[in-house]
Amino acid sequence: MTPSGTINRIALLFAMDAEGTPIAEALTLGDPEPLHAASPARVRRGMVGDVDVVHCIHGTDPTHGVDRIGTEAAALTSWLMLEHVQPDLLVNAGTCGGFEARGGAIGDVIVAQSAVLYHDHRVPLEGFAQHSEGRFVPLEAAAVARLLGAASGPISSGSSIDVTHDELAFFTREGVLAKDMEAAAIASVCQDLGVPVMHVKAVTDLVDHPEPAHEVFLRNLASTTEVLCNRMVQLVRWIGEGRTLDDFAN
Ligand code: SAH
């Protein structure tokens, strides 16, 4: 019997090609293969130290020719991948919007801790209101945050890159450090399938800054994905040295 928390296989999940491909190359994983005949998602595999790594990118939207970002592709891809691969841990990595008001800056790395939320599911009905906020619990990962020099705190997902007044108030109330478009959907699937999950996000733009997020995003995408790549390679190699899930916490 293997001790509990042993990590033999990890899955890495990325929404965008620009986020995931540099990491697959740095870890010298195998060539991309389809995850499923009906999905544009691509997987690459390889051993890093003692750990079997399965790397997956959502893939390209067949109609519009862009990365399949967002919660729908995230939920479908993560469900398909987890069923197929059965990893001991899923690490969702990518870019995010950060918050100047809570000390955030372009290029910062954030590890989700305490809560993974939805900020744009507004259903003011008892029970459904709480359900709509998600509030999933990521793996305790204080030691990983220290290792990566990352901030840690709540992160929140929604279906838009811009932001409303109500959403800004929600972020302040919850102390959110990172805003993205996938994490909560992935966390929900991981909860259903009983797979521990971590989210590692690097800041491309600042949500509470007057400049439109999508312009800042494009300007900082290359430098931020380089930071993300370095940290993810560091994390995967650390896991490959032989860690248990307990090592992530303290
Ligand atoms: N591909 C588009 C932009 C996509 S930005 C382009 O090139 O213009 C959205 C992607 O980056 C999502 O996958 C999301 O998870 C992340 N992201 C980065 N900054 C974000 C923000 N401020 N709000 C929401 N998602 C953000």
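This is a predicted model: local features need pLDDT of at least 70, side-chain atom pairs count only at pLDDT 80 or more; totals for chains, interfaces and linings use all residues.
A crossing counts as left-handed if the near helix is turned anticlockwise from the far one by less than a right angle, and as right-handed if clockwise. By that rule I get a right-handed crossing for α1 and α7.

Residues are numbered from 1 along each chain as its sequence is written, and side-chain values use heavy atoms, with hydrogens and water left out.

**Entry: α1 and α7**

I took helices (H or I, at least four residues) and strands (E, at least two) as DSSP runs, numbered from the N terminus. The axes of α1 (residues 17-26) and α7 (residues 213-240) come within 9 Å and cross at roughly 45°. That makes the pair oblique. Axes here are lines fitted to C-alpha atoms, for helices over the stretch in contact, with angles from 0 to 180 degrees between N-to-C directions. Under 35 degrees is roughly parallel, over 145 roughly antiparallel, 65 to 115 roughly perpendicular, and the rest oblique.

For contacts (heavy atoms within 4.5 Å), I listed Ala18, Glu19, Pro22, Ile23 and Ala26 on α1, against α7 residues including Leu221, Leu228, Met232 and Arg237. By class, this contact has 9 nonpolar, 1 polar and 2 charged residues. My classes: Ala, Val, Leu, Ile, Met, Phe, Trp, Tyr, Cys and Pro are nonpolar, Asp, Glu, Lys and Arg charged, and the others, Gly among them, polar.

**Entry: α2 and α6**

I found α2 (residues 71-85) packing on α6 (residues 183-193) at about 30°, axes 8 Å apart. That makes α2 roughly parallel to α6. This crossing is right-handed. Among the residues that meet are Trp79 and Leu82 in α2 and Ile186 and Val189 in α6. The contact divides into 9 nonpolar, 2 polar and 2 charged residues.

**Entry: pockets**

On a 1 Å grid over the protein atoms alone, where a 1.4 Å probe fits, a pocket is an open set with protein on both sides within 12 Å along at least five of seven lines; lining residues have an atom within 4 Å of a point. The largest pocket holds about 420 Å³, volume being the space filled by probe spheres set on the points. Of its 26 lining residues, Ile161, Lys179, Met181, Asp205 and Phe217 are the closest to the centre. The lining has 12 nonpolar, 6 polar and 8 charged residues.

The second largest pocket is about 190 Å³. I noted α5 (residues 165-174) giving the most to its lining, with 4 residues.
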